[in-house]
Amino acid sequence: MLSPGDAAEVARFYRYVVKGPSPRDCFWWVGSIGDDAYGRYWVKRDGRQRVVRPHRYALALALGRPLADNEYALHEVCDNPLCVRAWGEPGTADRPHVVVGTQAQNLAGMGAKGRGGGRTPPWHRSEIDRAGRVARSRRARDALRNGWDAEALHSALLSTYEPTLF
Ligand SMILES: [Zn+2]
């Protein structure tokens with residue numbers, strides 16, 4: 001993965017991050033969102049546009065180095081694709097939500113959460129479920145675009161509830 005960029009690029013990144021007030025709250029990415037429900041952050045390297053997932057970018061920032069090819073950014077606490085809480089706030093014992101993991105941990109987490117390949121129950125593999133996750137991400141992003149708003153976020157998450165296909 002590419003290394004973190006200059007101070008202006010990092011400052012621009014943080015402008016797309018809205019922090020919930022409690023240690024359990026996520027730090028929400030409110031920029032672009034792709035069709036996998038994860039964010040997209042565009043940066044320039046060697047004169048070319050590159051796109052990165054914000055939770056990976058945030059983790060590289062927190063570590064102060066690029067992620068290695070065999071390192072994954074795992075949502076350990078929240079399973080929220082938009083969460084970029086890869087660091088504890090200074091002066092607190094807050095636990096990061098995004099941590100470094102291996103591919104095996106990544107796959108195990110996806111299985112446990114009902115996503116990804118082989119061991120996933122079939123009712124979790126549908127495109128509806130995927131579309132539901134994207135819609136959920138976009139509504140949450142829209143609810144928080146102008147800053148933290150717990151009520152707007154709550155109703156955005158409720159209004160996009162997608163029942164699974166039993
Ligand atoms: Zn989180």
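A residue counts as buried if 20 or more other C-beta atoms lie within 10 Å of its own, as exposed if 12 or fewer do, and as partly exposed in between, with C-beta atoms placed from the backbone. Keep that in mind for helix α2. There, Pro54, His55, Arg56, Tyr57, Ala58, Leu59 and Ala60 are buried.

Now the ground rules. This is a predicted model: local features need pLDDT of at least 70, side-chain atom pairs count only at pLDDT 80 or more, and totals for chains, interfaces and linings use all residues. Residues are numbered from 1 along each chain, as its sequence is written.

How confident is the predictor? pLDDT is its confidence in each residue, from 0 to 100. The protein chain has a mean pLDDT of 85, and 83% of its residues reach 70 or more. Over residues 116-125, pLDDT stays under 50. The model has 16 contacts beyond four places in sequence for that stretch. A contact means that the C-beta atoms of two residues, placed from the backbone, lie within 7 Å.

Next, the layout. Helices (H or I, at least four residues) and strands (E, at least two) are DSSP runs, numbered from the N terminus. The protein chain has 5 helices and 7 strands. Along the sequence, the pattern reads α-β-β-β-β-β-α-β-β-α-α-α. The chain has 166 residues, and buried ones make up 25% of them. Take the contacts with a separation of 6 or more: residues 24 or more positions apart account for 55% of those.

On to the sheet. Strands pair if DSSP finds at least two bridges between them. Three strands form an open sheet, in the order β3-β4-β5, with antiparallel pairing. The edge strands are β3 (32-33) and β5 (48-52), and each pairs on one side only. Between β3 and β4 (residues 39-45) there are 2 bridges. Ser32 has Arg40 of β4 as its bridge partner. Between β4 and β5 there are 5 bridges, again antiparallel. Here Val43 stands opposite Arg50 of β5.

The β3 and β4 hairpin has 5 residues between its strands. Ala37 sits in that loop. Its phi is positive, about 80°, although Ala37 is not a glycine. Most residues other than glycine have a negative phi. Why does Ala37 count as buried? Because it has 20 C-beta neighbours inside 10 Å. The β4 and β5 hairpin has 2 residues between its strands, and Asp46 in the turn has a positive phi of about 55°.

Another positive phi belongs to Asp79, near 55°, and that residue is not a glycine either. Asp79 lies in the loop between β6 and β7 (98-101). With 16 C-beta neighbours inside 10 Å, Asp79 counts as partly exposed.

Back to α2. 7 of its 10 residues are buried, so the helix is largely enclosed by the rest of the structure. What covers them? The cover for the buried residues of α2 includes α1 (7-14), β2, β4, β5, β6 and β7. After the helix comes Gly64, with a positive phi near 75°.

That brings us to the core. A nonpolar core is a set of buried Ala, Val, Leu, Ile, Met, Phe, Trp, Tyr and Cys residues joined through C-beta atoms within 7 Å. The largest one has 26 residues, of which Trp28, Cys83, Val84, Val98, Ala140 and Leu144 touch the most other members. At least two residues each come from β1 (17-19), β2 (27-29), α2 (54-63), β6, α4 (127-144) and α5 (150-159). Which element gives the largest share? It is α2, with 4 residues. In soluble globular proteins, nonpolar side chains tend to be buried together.

Look at Ala140. Leaving out residues up to four places away in sequence, Ala140 touches Trp28, Leu82, Leu153, Ala156 and Leu157.

Last stop, Leu74. This residue is in strand β6 (residues 72-75). Leu74 counts as buried because it has 20 C-beta neighbours inside 10 Å. Beyond four places in sequence, Leu74 touches Val98, Val99, Gly101, Gln105, Asn106 and Gly109. How far is Leu74 from Leu59, C-alpha to C-alpha? The separation is 9.4 Å, with the two residues 15 apart along the chain.

Methods
pLDDT is the predictor's confidence in each residue, from 0 to 100.
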